[in-house]
Amino acid sequence: MAALAAPTRAEALSLFRSLLRTAKQFSDYNIREYTRRRAADAFRENRALPDAPAAAAAFAEGKKQLEVAKRQAVVYSLYAPKSKSVMELKVQ
Amino acid sequence: MAMAAARRALLTHLRVPVARPAAAAAAGTVPVAARRLLSSTTEETKGSFLDKGEVADRVVSVVKNFQKVEPAKVTPTAHFQKDLGLDSLDTVEVVMAFEEEFGFEIPDNEAEKIDSIKSAVDFIASHPQAK
């Protein structure tokens, strides 16, 4: 199984960046922020995995979640909220 | 027949003076809008670079607003990891915040090189799509 090799640092950061980019596409503030926070939390939690198989498994899971996020961003865009969240309003 | 022709001639003649003041009134605004349109398209095709001082100010304020950073520590020469105590994941988040602020996408290989306020300012100021 080729999946057992640990991802490089650049690959991991690139996956993180892709997740954050996908998170931004959600039209709903709450889901957008949750996805961003969830990605950041998961990467922090897994920052010091003991061995290569564990890192590879976490990386594979992250990639799977990226696909889920991409798909859901499309689905949610069909049901975009009609009004903005109060959190998005700029104080004037 | 002749009446109809005369009437049509009269109507077309009458329409002209009515249309003229409207065109004259619009003339004051149209060229401005057209000029703005033209300048924005030429800016996009030629690429306009932002002023370095302005970029530096905006970069500093983005970093100051990042929740893990102590605003007092942010200086134009600060290094993300050495001076501000950010890790590589934080750096990715900061670079994403720059993308949002300046409205363009920073590719992975460029984003990796941004590790301090100075390198961010240099990159953004040399990027034609930054706005």
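In the predicted model, the lining of the second largest pocket draws at least two residues from each of α1, α2 and α3 (52-77) of chain A and from α4 of chain B. Helices here are DSSP runs of H or I with at least four residues, numbered from the N terminus. A pocket is an open set of points on a 1 Å grid over the protein atoms alone, where a 1.4 Å probe fits, with protein on both sides within 12 Å along at least five of seven lines; lining residues have an atom within 4 Å of a point. The model is predicted, and totals for linings use all residues. Residues are numbered from 1 along each chain, and chains are lettered from A in the order in which they are written.

The second largest pocket holds about 870 Å³. Volume is the space filled by probe spheres set on the points, which are joined across faces, edges and corners. Its lining has 31 residues, with A:Leu19, A:Ala39, A:Ala42, A:Phe43 and A:Gly62 nearest the centre. α3(A) contributes the most, 10 residues. By class, 19 lining residues are nonpolar, seven polar and five charged. Asp, Glu, Lys and Arg count as charged; Ala, Val, Leu, Ile, Met, Phe, Trp, Tyr, Cys and Pro as nonpolar; the others, Gly among them, as polar.

The largest pocket has a volume of about 1100 Å³. Its lining comprises 26 residues. Nearest its centre lie A:Glu33, A:Arg36, B:Asn65, B:Ala97 and B:Glu100. Two or more residues come from each of α1 (9-24) and α2 (29-45) of chain A, and α3 (52-65) and α4 (88-102) of chain B. The largest share, eight residues, belongs to α2(A). This lining has 13 charged, 10 nonpolar and three polar residues.

Note on methods: This is a predicted model: local features need pLDDT of at least 70, side-chain atom pairs count only at pLDDT 80 or more; totals for chains, interfaces and linings use all residues. Side-chain values use heavy atoms; hydrogens and water are left out.
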